[in-house]
Number of protein chains: 2
Amino acid sequence: MASLAATRIDHQRETHTPTSFVVTFPTDQLLRMDSGVALAPLTIAYQTYGQLNAAHSNAVLVCHALTGDQHVANVHPLTGKPGWWDVLVGPGKPIDTDRYFVICSNVVGGCLGTTGPASRGPDGRTYGLDMPIVTIRDMVRAQSMLVDHLGIDSLFCVAGGSMGGMQVLQWAALFPQRVFSAMPIATAARHSSQNIAFHEVGRQAIMADPDWCGGRYIDCETRPEKGLSVARMAAHVTYLSDQALHAKFGRKLQDRAAPTFSFDADFQVESYLRYQGRSFVERFDANSYLYMTRAMDYFDLAADYGGVLAKAFKGTSTRFCVVSFTSDWLFPTSDSRAIVHALNAGGASVSFVEIETDKGHDAFLLDIPDLVATSRGFLDAAGRARGLG
Amino acid sequence: MASLAATRIDHQRETHTPTSFVVTFPTDQLLRMDSGVALAPLTIAYQTYGQLNAAHSNAVLVCHALTGDQHVANVHPLTGKPGWWDVLVGPGKPIDTDRYFVICSNVVGGCLGTTGPASRGPDGRTYGLDMPIVTIRDMVRAQSMLVDHLGIDSLFCVAGGSMGGMQVLQWAALFPQRVFSAMPIATAARHSSQNIAFHEVGRQAIMADPDWCGGRYIDCETRPEKGLSVARMAAHVTYLSDQALHAKFGRKLQDRAAPTFSFDADFQVESYLRYQGRSFVERFDANSYLYMTRAMDYFDLAADYGGVLAKAFKGTSTRFCVVSFTSDWLFPTSDSRAIVHALNAGGASVSFVEIETDKGHDAFLLDIPDLVATSRGFLDAAGRARGLG
């Protein structure tokens with residue numbers, strides 16, 4: 001693990017001068033947020049892959065999840081690891097960068113170059129908790145400004161999993177004419193009580209860390225690494241399934257023949273979790289974690305349509321492919337079914353696939369053959385309907 | 001919430017001079033622990049209810065869960081709340097204190113009067129992390145010393161849920177001749193990888209709190225309240241079910257008509273969880289939490305019998321009543337079925353009831369009519385077989 005100082009410097013580099021494209025909108029192009037605040041200036045950091053065709057009809061917007069970022073299909077500048085959706089995005093992959101122009105932007109409230117709590121506001125001070133609360137709709141509004149900026153009127157596809165899937169649903173509801181096809185994966189039209197509860201645990205873990213410093217840790221030159229690490233550990237357990245943990249770790253001991261009768265990480269699963277916590281703090285900002293979880297908690301698409309989800313999709317011409325995973329207990333298949341029922345009631349064209357896997361919620365990020373085949377089949381058919389080669 | 005100082009003083013009173021019966025064994029009556037350490041002197045704090053009959057044949061030992069204590073059927077000296085198993089234990093209740101002599105002791109490693117990390121060792125210093133690691137078998141060995149001390153050879157019943165259920169299984173395996181009947185409820189013969197993972201999150205939350213002070217917070221005159229509170233919050237979510245949380249809270253807001261666009265506890269479930277965390281620290285010791293969770297993690301009854309659980313119960317004459325709850329995802333019915341299969345293979349007399357409820361793991365503590373009826377029926381039949389009036 002990098003030293004605290006080195007980690008902080010790398011982070012600050014990616015926050016203020018990211019290794020991505022960056023657009024900063026003129027201050028009269030405000031982001032009007034659900035909280036009532038108008039944010040300006042808005043900066044968006046984003047990656048693109050492939051070429052936009054002459055008709056501007058082959059753009060795919062990929063939306064990232066809670067702890068994701070714009071580095072969907074390239075080596076990550078902080079971790080050196082492959083892109084987070086390398087299994088689906090790239091040359092010859094289902095989201096084929098030889099055919100499509102793929103865009104992925106860091107969401108508003110994020111920490112890799114888009115305006116968020118670690119950014120500096122107009123007065124030159126770090127936002128911290130003065131950053132307005134961000135909603136999924138705010139993220140989508142900001143993305144629509146980026147898509148406008150790139151000269152794209154209608155997206156061929158909007159795709160994403162988990163919080164990314166929430167953005168997909170919000171895009172389809174807010175801008176139906178701009179979304180030819182949509183792939184919401186392992187997601188829900190509203191965040192459940194249990195999921196809000198798990199998020200609150202993570203937030204309290206961060207805020208309990210004295211190095212969080214009331215949210216002003218950048219000014220304090222500290223980092224709430226322990227709190228953020230605990231938050232990540234708690235969340236990470238929910239991304240896996242009981243079966244996956246049993247298959248991967250069971251009760252196996254870590255590099256020892258017998259229990260040590262201590263609080264050392266005797267079990268492999270403990271050692272794994274501690275590693276997940278430690279490595280997360282190298283690439284993520286604690287306040288961004290607060291904002292991202294809050295955005296998900298607040299998400300309840302039906303609430304904007306009189307409590308009737310079908311109204312969000314009434315008369316839509318977008319084609320949908322909804323995907324869930326059998327062992328995902330964070331966003332169970334019942335959440336996806338609720339989306340499918342609403343889409344059916346709204347008269348939409350929908351494919352729904354529940355994929356059998358023991359990998360839990362994390363499955364949407366993994367090389368699951370049925371996920372690869374499903375996305376490829378859906379996008380190939382949508383591409384033919386769109387007249388893409 | 002009581003002030004920090006007042007809470008600390010109340011705690012210390014219950015640790016050192018509890019409002020319970022207390023037995024301290026002579027130093028030559030050692031507790032030989034699985035870690036290899038011999039603990040002396042051993043003090044056990046316990047409650048009893050009802051009268052031991054002349055034949056000493058009507059004693060019921062109730063084993064408490066992770067955050068439980070000996071106050072099973074009386075008002076709690078710290079919280080002022082009813083006993084934790086008031087629904088099952090008392091006059092006319094299934095564990096009928098008019099018929100049975102009920103014993104409940106604080107487990108070794110606990111914090112309400114039995115020797116644990118908050119107790120003072122022979123040198124007068126608080127144990128802290130110098131307390132040896134405690135196993136479920138150590139808890140049971142200590143309980144057997146108490147039962148000997150009370151002049152009881154054979155217990156009419158040993159009953160408990162969750163970690164209490166682990167002790168029930170361990171009693172039946174270790175002292176089959178001393179257990180006439182056994183009620184392991186919402187438990188498992190070994191702790192799962194997922195459950196170890198959740199426990200590790202809680203431990204890391206405590207240890208991340210600078211007021212934990214390397215485990216010596218009593219000497220430091222601090223208390224790791226924030227860390228313990230986060231640990232409790234994380235655990236508490238796992239005690240409930242998604243359905244129960246949805247039914248109880250859904251996405252309802254707390255005393256407000258609209259979201260505040262802040263990190264306040266907007267949702268009722270957040271407010272509820274924060275309260276659970278705050279109130280827990282009033283009655284529990286952080287190091288005890290570490291020891292209790294570790295004891296559960298280490299529990300793997302089959303491992304002591306060549307990996308074959310049935311061997312733990314071979315030829316037993318104990319009658320068993322195994323109970324699980326449909327919505328308990330921490331100790332799912334599959335864990336109870338594994339116990340039942342082993343008991344069947346061992347030739348034991350077993351009743352097994354899976355109770356339909358949406359209350360999750362917490363169900364074992366609640367007034368669930370099927371639980372009350374099942375325990376009453378089982379104990380009444382066992383009582384007749386034992387010749388109790």
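**Exercise 1.** In this predicted model, work out where Asp328(B) sits in chain B and which side chain it pairs with through a polar contact.

*Solution.* Start with the fold: Asp328(B) is in the loop that runs between β11 (319–325) and α11 (333–345) of chain B. Next, look for a charge partner. Asp328(B) is buried but has no salt bridge, and Arg337(B), the nearest side chain of opposite charge, is 13 Å away. Finish with the surroundings. Leaving out residues up to four places away in sequence, Asp328(B) touches Ala186(B), Gly360(B) and His361(B).

**Exercise 2.** Find out which residues of chain A UniProt marks as "active site", and decide whether Ser162(A) is buried or exposed.

*Solution.* Check the record first: the unreviewed UniProt entry puts "active site" at Ser162(A), Asp328(A) and His361(A). These span 200 residues in sequence, yet no two of their C-alpha atoms are more than 10.7 Å apart, so they gather at one spot.

Then take Ser162(A), in the loop between β9 (155–161) and α3 (163–174) of chain A. Buried means under 20% relative accessible area, and Ser162(A) comes in at 6%, so it's buried. Beyond four places in sequence, its contacts include Ala186(A), Met296(A) and His361(A).

Asp328(A) is in the loop between β11 (319–325) and α11 (333–345) of chain A. At 2% relative accessibility, Asp328(A) counts as buried too. Its contacts, again skipping residues up to four places away, are Ala186(A), Gly360(A) and His361(A).

Note on methods:
Residues are numbered from 1 along each chain as its sequence is written. Chains are lettered from A and ligands numbered from 1 in the order in which they are written. This is a predicted model: local features need pLDDT of at least 70, side-chain atom pairs count only at pLDDT 80 or more; totals for chains, interfaces and linings use all residues. Side-chain values use heavy atoms; hydrogens and water are left out. Helices (H or I, at least four residues) and strands (E, at least two) are DSSP runs, numbered from the N terminus. Buried means under 20% relative accessible area, exposed over 50%, partly exposed in between (1.4 Å probe, protein chains only). Lys and Arg count as positive and Asp and Glu as negative; His and the chain ends are not counted. A salt bridge is a side-chain nitrogen of Lys or Arg within 4 Å of a carboxyl oxygen of Asp or Glu. A polar contact is a pair of N or O atoms within 3.5 Å; within protein, one must be able to donate a hydrogen and the other to accept it, and residues adjacent in sequence count only if both atoms are side-chain atoms. Contact means heavy atoms within 4.5 Å. UniProt positions are given in the numbering used here, feature names are shortened, and annotations may be inferred rather than shown by experiment.
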